[in-house]
Amino acid sequence: MAETAHTPTADLVNGGFEADGPVGGKKITGWKVKGGPAGVAVAEPGRTGRYALALTGSRPYTAEVEQTVTVPDGYYTVSAWTRSGGGRQATYLSAGGPGSHDARTSLPVSSDWKQVVVRGVHVTKGRLTVRLHSRAPAGAWSSIDDVQLVPATGPYEFLKGGDITMLNWVEDSGGIYRDAKGRPRDPMDIMRDNGVNVVRLRLYNDTGPDHPRIGYPNDHLPEGYQDEEDMLDLARRAAAHDMQIQLTFHYSDYWTNGEIQDIPKDWRHVTELSEPEAIEALEKYVYDYTSRVLRRMKAQGTTPQFVSLGNEIQGGLLFPYGKSWGQDDAFAKLGRFLKAGYRAVKDVSPATQVIIHIHDAGDDDEYEWFFGELEKQGVPYDLIGSSYYPYWTKKDVATVLGFFDRVSARFGKKIMVMETGINWNPVTHDGIEGQLLDNGPVPYGETREGQRDFLYELFAGLKSVPDGKVIGDLYWDPVMIPADGVGWQVGAENVVSNTTLFDFDGRALPAMDAYRYN
């Protein structure tokens, strides 16, 4: 929802830390210092004035600096400008009222000042506490300045999670997940306890060796995985862990993207019809199939909060009929399929938000072309879905933040980042290069800490996009750890084991802190 301009309220005292001059310990006007006072000071340089709040220590420390103010009940946004070094265990800005959970945003690693925003702070008892928290080893540092509090017009929940479609296959093949201490646990428990609140599930019409891709006879999945029953089981697991569900219909028997959108085997008889008859038949198939799957999900109490009509469909759907290029009326045909899917979703669950997902976050021209054509065809949808990998897009975080702001404003839709991935190791468990050859232009190495620090910056950045235009991020693929025989297809290698949120032994990586502290 839209918010007021970011101007300071009169309720927050000394948000710029200029009232005292250089001072250490617990004597900071307007603020209460709790724990580790030796690591807290007001010092130079500030961002806009002379001073800022500095958190550091010659020994490991935990410090909190907080201020409680009286405000009318409602929703608020808190923001601050920060600089931070690496190596911190937990450093975040948070805010909340009595009887409610604090909302928090972790501070990114950056020697330059970056804005950190906490949205959706709900006050019901007239009191709001703004808190700066840091738990860090000796020498780790953070600076905070220009803390502001402004009213907001409504709630905001940042959705953070990932695609768990491979989970049952990995577990059935012997994969074991462990928490950060190395204890074997249900991975859904580990993710929930670290703050994951949404999962992505992808669905194929059918899988197994009898349903290969057209022209790719060996490309198939094992029978019983990533099909309807498998998806329903994973949806039940997600719901039992209080996670929201994003369901992606591929409308194919196997993986689809901008170049490959094969018609499901059971629908391929349409190729024997005239083109108008084939398009009409496929339109009905899309509606009926979407409706039936969603009714099954609703019946078991797992109605998805979000549905994507296809996966990275910049090339279209259901080739050759729904291609987005190569013919003058391409988008008219594609639009019919998307409208059918949208109607099916809303007929079963009006509250479910429909996503149109394409790749290459940061490409203004492509998004203007694709969503502009959908606009001309009157295709209805609720959210723009976008894939952001620094390696593939060659864009750093700051660049895609400006892009998301522009695209959302242009089409009047909020953004869900449908895919994000980065290497935590240069090679996979097999010692080969994975699908991402490097980490692109972001300043983070292919290390465990680099993956975590990238997500710290990304999550903080996405929440800073004006007016809450970005609602969440789905990581790809968090759970595809090494397991016997598990790959992208039967007989293929696992090329993402070095981008997961668990290491080669199934142990939760430091990147989980980015979920916990956001």
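Q: Helices (H or I, at least four residues) and strands (E, at least two) are DSSP runs, numbered from the N terminus. In which loop does Pro 320 lie?
A: The model is predicted, so local features need pLDDT of at least 70 and side-chain atom pairs count only at pLDDT 80 or more, whereas totals for chains, interfaces and linings use all residues. Residues are numbered from 1 along each chain as its sequence is written, and side-chain values use heavy atoms, with hydrogens and water left out. The peptide bond from Phe 319 to Pro 320 is cis, with omega near 5 degrees. Pro 320 is placed in the loop between strand 16 (316–317) and strand 17 (322–323).

Q: What is the omega of the cis peptide bond between Glu 44 and Pro 45?
A: Pro 45 sits in the loop between strand 3 and strand 4 (52–55). The bond that joins Glu 44 to Pro 45 is cis, and its omega is about -5 degrees.

Q: Which residue in strand 3 is the bridge partner of Gly 24?
A: Strand 1 pairs with strand 3 (residues 40–43) in the antiparallel sense, over two bridges. In strand 3, the partner of Gly 24 is Ala 41.

Q: Which residue in strand 10 is the bridge partner of Glu 64?
A: Strand 5 (residues 61–70) is joined to strand 2 (residues 32–34) by three bridges, and the two run antiparallel. Here Lys 34 stands opposite Glu 64 of strand 5. Strand 5 also pairs with strand 10 (residues 127–136), again antiparallel, over 10 bridges. In strand 10, Glu 64 has as its bridge partner His 133.

Q: How many of the 10 residues of strand 5 are buried?
A: Buried means under 20% relative accessible area, exposed over 50%, and partly exposed in between (1.4 Å probe, protein chains only). Strand 5 is largely enclosed by the rest of the structure, because its buried residues number seven.

Q: How many of the 17 residues of helix 9 are buried?
A: Helix 9 (residues 448–464) reaches 25 Å from its first C-alpha to its last, close to the expected 24 Å. The expected span is 1.5 Å times one less than the number of residues. Helix 9 is largely enclosed by the rest of the structure, because its buried residues number 15.

Q: How many salt bridges are there in the model?
A: A salt bridge is a side-chain nitrogen of Lys or Arg within 4 Å of a carboxyl oxygen of Asp or Glu. Applied to this model, that rule gives a count of 33.

Q: Is Asp 186 buried or partly exposed?
A: Asp 186 forms a salt bridge with Arg 237, whose closest N and O atoms are 3.0 Å apart. Arg 237 lies in helix 3 (residues 228–240), while Asp 186 is in the loop between helix 1 (167–172) and helix 2 (187–193). Arg 237 has a relative accessible area of 16%, so it is buried. Asp 186 is at 28% relative accessibility, so it counts as partly exposed.

Q: What is the relative accessibility of Glu 375?
A: In the salt bridge between Arg 410 and Glu 375, the closest N and O atoms are 3.1 Å apart. Arg 410 belongs to helix 8 (residues 397–411) and Glu 375 to helix 6 (residues 364–377), 35 residues apart. Arg 410 counts as partly exposed because its relative accessibility is 34%. Glu 375 also counts as partly exposed, because its relative accessibility is 46%.

Q: What is the relative accessible area of Glu 312?
A: Glu 312 has a positive phi, near 45 degrees, in a residue other than glycine. Its place is the loop between strand 15 (306–309) and strand 16. Glu 312 is buried because its relative accessible area is 11%.

Q: What is the relative accessibility of Tyr 251?
A: Tyr 251 is not a glycine, yet its phi is positive, about 50 degrees. Tyr 251 is in the loop between strand 14 (244–249) and helix 4 (275–299). Tyr 251 counts as buried because its relative accessibility is 2%.

Key: Pairing = 2+ DSSP bridges.
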